[in-house]
Every structure is written in C-alpha cells, then in structure tokens.
Amino acid sequence: MTPAPTTSSASAAPQRLAAIDIGTNSIRMVVADVEPDGSYRILDEERDMTRLGHGLYDTGRLASESIERAFVALGRMRAIIDGLRVSDLRVVATSAVRDATNGAAFRREVQRRFKMRVEVISPEEEAQLAFQSAVRRFDVGGRPLAVADIGGGSLEVVFAVGAVIEQVHSLPLGAVRLTEAYVRSDPLKRKHWKRLRRAIDAVLDERLGRPPFQPEILIGSGGTFTNLAEMIMADREDQAATAQGYAFTRWDLERLLARVRTLPLDVRRELPGLNPKRADIILAGAAAVARLARRLDVPRILVN
C-alpha cells in the first residue's frame, strides 16, 4: 500500500485548526492549516506522556498527581494554540476520562483553567476516527483490512473492506491497563508472561470472536505501534525517515517481543528505537498487538 496522494487549492485561504487528544497514557496536540479540498499542512505537533490513567483501574479515579501533569501539558498546548491564532479547536478525551468517576470534575476544571471544552468520545467514535485517519493516509483500494488503535486504556479494532466498515470493536486491552494488571515481575517471569497472554486471548475470544473475514493487512495507530516500528527499524539498521507508513511482518514482531520480554526495565530503557518513557508499558502493549495479529492471521502490519 502506498500513501494516498493529496492536492492543494489556491482558491481559498486555508483554515487553521487544532485538535487535542487526552488519552490514558499521553496527551497529543496537532495544529494544521486545512485547505478547502481537505489537504492539510501540519504546523505543530506535541505529545506529553502524562499517564493520566495511572492507578485508575485499581481506584476508579484519576489520581491528583496525574491530573496536575495533565494540567501542565494542557497549559503549554493552550499557549501554543493561542500563539498560532487557531480559528477552531476540538478537544477530545478517551478511555481514562470516560471511565473515571471524577472524569466530569476533570473536564470542568479544564474548562475553567484553559477555556477548553473537553468532549468525551465513545469507543465506537474513537475507532472510527482511527479508521478515517488510516484510509486517508493509505490507498487501501477494495482490500479487506483491519485497523487497530491501541492507547493506554483500550484497543479499538475496525474491520473494513476498502472504505466500508463491517465491524467495530472496543477491547479493554490498553498498554497501561494491561501493565498495571499483569506485569508483576522485572524481568517478566514466564508465569506472568503466560498469564498476560491468557488474559489477552480471553478478551479476544469474548469480545472479538471470529473475524468476519481474514484481513490482508493490519494498519495500526498509537504510540505502541510507532515504537514497535522504530525498534524494528533500529534492529534492521533501516534508515527510513519516520515510522509512519513503515511496514513490518508479524514474525518481526514475534522475534522482537521474544527478545524484549526477557530484559529488565533498566535495559529496555536503553534499547534503540524505544522511547524510554514507554519502556515499562511496551511489553503489555506489544503483547496485545502480537496476540491480535496472531488471531487475525495477518502477515503484515502497517503503521499509521
């Protein structure tokens, strides 16, 4: 698959838009000039790993320390947006804010401090947004495919033929959620590794079941997919400029996971291609991706 072509139009001035995604593991901001024909030019892109969902799955609440980290990130992003004179801003929150008992209070405080209305989107909309991004970036033709978006709290999976969605699934298989529940040793003991895999497979059995068809390819978005691609690129000594659009095989992923899961955290932090801030959750995230790819029997994974 090749990146879909884009065109620009000089008939009207572009609109300057911004979006902020408040996720379980990180908060991301994008500012872009969007042309009338839908093509765009990114002006700024920021990501802060705030771990907003840390401890959520034990307590049911967003922790005060995590909230303060989020406020620092949002304040910095608000300043950038104001400086770039953005005409329209959309702020969305996903799994952590959606699930937390104090999620509404968090949203009200963001509105009070930063004059930003936070919209909590459903798992289905989250999945569809990831799908729309994938089919915009890649020329998928009429192929059967799966699109997966893994965050800290959940894993969304869309089955589609070309641009037509067949099924949408939201699974509680986020990298932070799985790490806090199942990563109990460092380096990961064999019994804990087996328990993690069994837990992932049980969710896939219950929530995903039998796929409607065998996808030709899995398109993945989220920091886990990006970091896995960057680690595989480093192993291959590949000089690709970016992980976006990079393809690797399921067997590449299995080999990487078999090696990385035996390493202690301090060694993982030094691995080429791996963001050190993601080293503690990469095992669980990679395991979720690997078990999904195995379930779908896809030979190739493409990073959005």
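**Figure 1. Pairing of Ala93 with Val120 in the predicted model.** Val120 of β5 is the bridge partner of Ala93. The model shown in this and the following views is predicted. Strand β5 comprises residues 118–120 and is joined to β4 by three bridges. The two strands, β4 and β5, run parallel.

**Figure 2. Pairing of strand β1 with strand β4.** Strand β1 spans residues 15–22, and strand β4 spans residues 88–93. Six bridges connect β1 and β4, and their course is parallel. Within this pairing, Val91 in β4 is the residue opposite Ile20.

**Figure 3. The stacked pair of Phe71 and Phe106.** The structure contains three aromatic pairs. In one of them, Phe71 and Phe106 are stacked, with 5.7 Å from centre to centre and 0° between the planes. Phe71 belongs to helix α2 (residues 64–83) and Phe106 to helix α4 (residues 103–114), so this contact ties together parts that lie 35 residues apart in sequence. Phe71 has a relative accessibility of 6% and counts as buried, because the cut-off for burial is under 20%. Phe106, at 2% relative accessibility, likewise counts as buried.

**Figure 4. The edge-to-face pair of Phe159 and Phe213.** The rings of Phe159 and Phe213 form an edge-to-face pair, with 6.0 Å between the centres and 85° between the planes. Phe159 is located in strand β7 (residues 155–161), whereas Phe213 is located in the loop between α7 (190–208) and β9 (217–221). With a relative accessibility of 0%, Phe159 counts as buried.

**Figure 5. The aromatic cluster of Phe71, Phe106 and Phe114.** These three residues, Phe71, Phe106 and Phe114, are linked into a cluster by ring pairs.

Figure 6. Helix α8 consists of 14 residues, numbered 223–236. From the first C-alpha to the last, α8 reaches 20 Å, close to the 20 Å expected at 1.5 Å a residue. Ten of its 14 residues are buried, so α8 is largely enclosed by the rest of the structure. Among the buried residues of α8 are Gly223, Phe225, Asn227, Leu228 and Met231. Thr224, Thr226, Ala229, Ile232 and Met233 of α8 are buried as well. Glu237 follows α8 and has a positive phi, near 55°.

Methods:
Residues numbered from 1 in each chain as written. Predicted model: local features only at pLDDT ≥ 70, side-chain atom pairs only at ≥ 80, totals over all residues. Heavy atoms only, no water. Pairing = 2+ DSSP bridges. Helix = DSSP H or I, 4+ residues; strand = E, 2+ residues; numbered from the N terminus. Phe/Tyr/Trp six-rings, centres within 6.5 Å; stacked < 30°, edge-to-face > 60°. Buried < 20%, exposed > 50% of the residue type's maximum accessible area, 1.4 Å probe, protein only. Expected span 1.5 Å × (residues − 1).
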